[in-house]
Amino acid sequence: HVELAKKVASFTLRRRDFLQWRYFGSPVRQYRVALVRQHGRVRGYLVIRLMDEVAHLVDVFMPPERKLARGALRLAAKWAERMGAMAVHFNAPRGNFFHAAAALSGYCLWKPSGSLVIDRLSGDLLESRQAGPLGVRDAYFVMGDFDFF
């Protein structure tokens with residue numbers, strides 16, 4: 001959290017109890033979680049949920065560093081293939097760091113991204129932390145768990 005906070009204006013705080021409940025406590029959903037390590041040091045994690053032979057990349061949490069993200073996303077695709085997935089679903093706003101990292105890692109990103117809409121007070125609060133105008137690169141999003149596919 002501390003490392004990421006130095007690079008982006010806002011992100012969803014991940015607390016240990018929430019992550020335990022969300023990814024390991026569900027009696028209905030099964031998630032696979034992998035730690036992202038670099039030089040023996042834990043730098044973040046990836047969460048995958050397999051639904052109908054499609055691996056959904058549900059959560060990606062790591063510092064937005066090109067080499068780290070590309071390596072982690074490449075390994076996630078290989079991991080999904082070993083699970084028997086025929087595709088990997090990944091959703092991030094166009095212009096977001098991880099959207100670009102996924103494209104450079106061989107992901108085919110053809111689905112257009114939606115718009116991000118926030119209220120003026122939140123926008124002003126986030127912009128007050130920045131040196132210039134707020135953009136999609138300044139926020140870090142959880143991809144989400146989409147049961148409607």
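Mentor: Start with burial: buried means under 20% relative accessible area, exposed over 50%, and partly exposed in between (1.4 Å probe, protein chains only). This is a predicted model: local features need pLDDT of at least 70, side-chain atom pairs count only at pLDDT 80 or more, and totals for chains, interfaces and linings use all residues. Residues are numbered from 1 along each chain as its sequence is written, and side-chain values use heavy atoms, with hydrogens and water left out.

Trainee: Which residues of helix α2 are buried?

Mentor: Helix α2 covers residues 16-24, and its buried residues are Leu-19, Arg-22 and Tyr-23. Viewed down the α2 axis, they fall within an arc of 75 degrees (directions from the axis to the C-beta atoms), so they line one face of the helix. Trp-21 and Phe-24 are exposed on the face of α2 turned away from that buried side. β2, β3 and β4 are among the elements that cover the buried residues of α2. Helices here are DSSP runs of H or I with at least four residues, strands are E runs of at least two, and both are numbered from the N terminus.

Trainee: How do you know that the span of α3 agrees with its residue count?

Mentor: Helix α3 (residues 66-82) has 17 residues. The expected span is 1.5 Å times one less than that number, which gives 24 Å. The end C-alpha atoms of α3 are 24 Å apart, so the span agrees.

Trainee: What puts the buried residues of α3 on the same side?

Mentor: They are Leu-68, Ala-69, Ala-72, Leu-73, Ala-76 and Ala-80. Their arc around the axis is only 120 degrees, which puts them on the same side of α3. Arg-66, Lys-67, Leu-75, Glu-81 and Arg-82 are exposed on the other side. The cover over the buried residues of α3 includes β2 (32-38), β3 (41-51), β4 (54-61), β5 (87-89) and α4 (97-104). Just after α3, Gly-84 has a positive phi of about 95 degrees.

Trainee: What makes β2 and β5 the edges of the sheet?

Mentor: The sheet is open, with 4 strands in the order β2-β3-β4-β5 and mixed pairing. β2 and β5 each have a single partner strand, so one side of each lacks a neighbour in the sheet. Ignoring direction, neighbouring strands are turned by 30 degrees against each other on average. α3 packs on this sheet and touches β2, β3, β4 and β5. The direction of α3 makes about 145 degrees with that of β2.

Trainee: Why do β4 and β5 count as paired?

Mentor: Pairing needs at least two DSSP bridges. β4 and β5 are joined by 3 bridges, and they run parallel. Val-54 stands opposite Ala-87 in β5.

Trainee: Why is Ile-48 called buried?

Mentor: Ile-48 also belongs to β3. Its relative accessible area is 2%, so it is buried. Beyond four places in sequence, its contacts (heavy atoms within 4.5 Å) include Tyr-31, Leu-57, Ala-76 and Trp-79. Ile-48 and Val-88 are 40 residues apart in sequence, with 9.1 Å between their C-alpha atoms.

Technical notes
Axes are lines fitted to C-alpha atoms, for helices over the stretch in contact, and angles run from 0 to 180 degrees between N-to-C directions.
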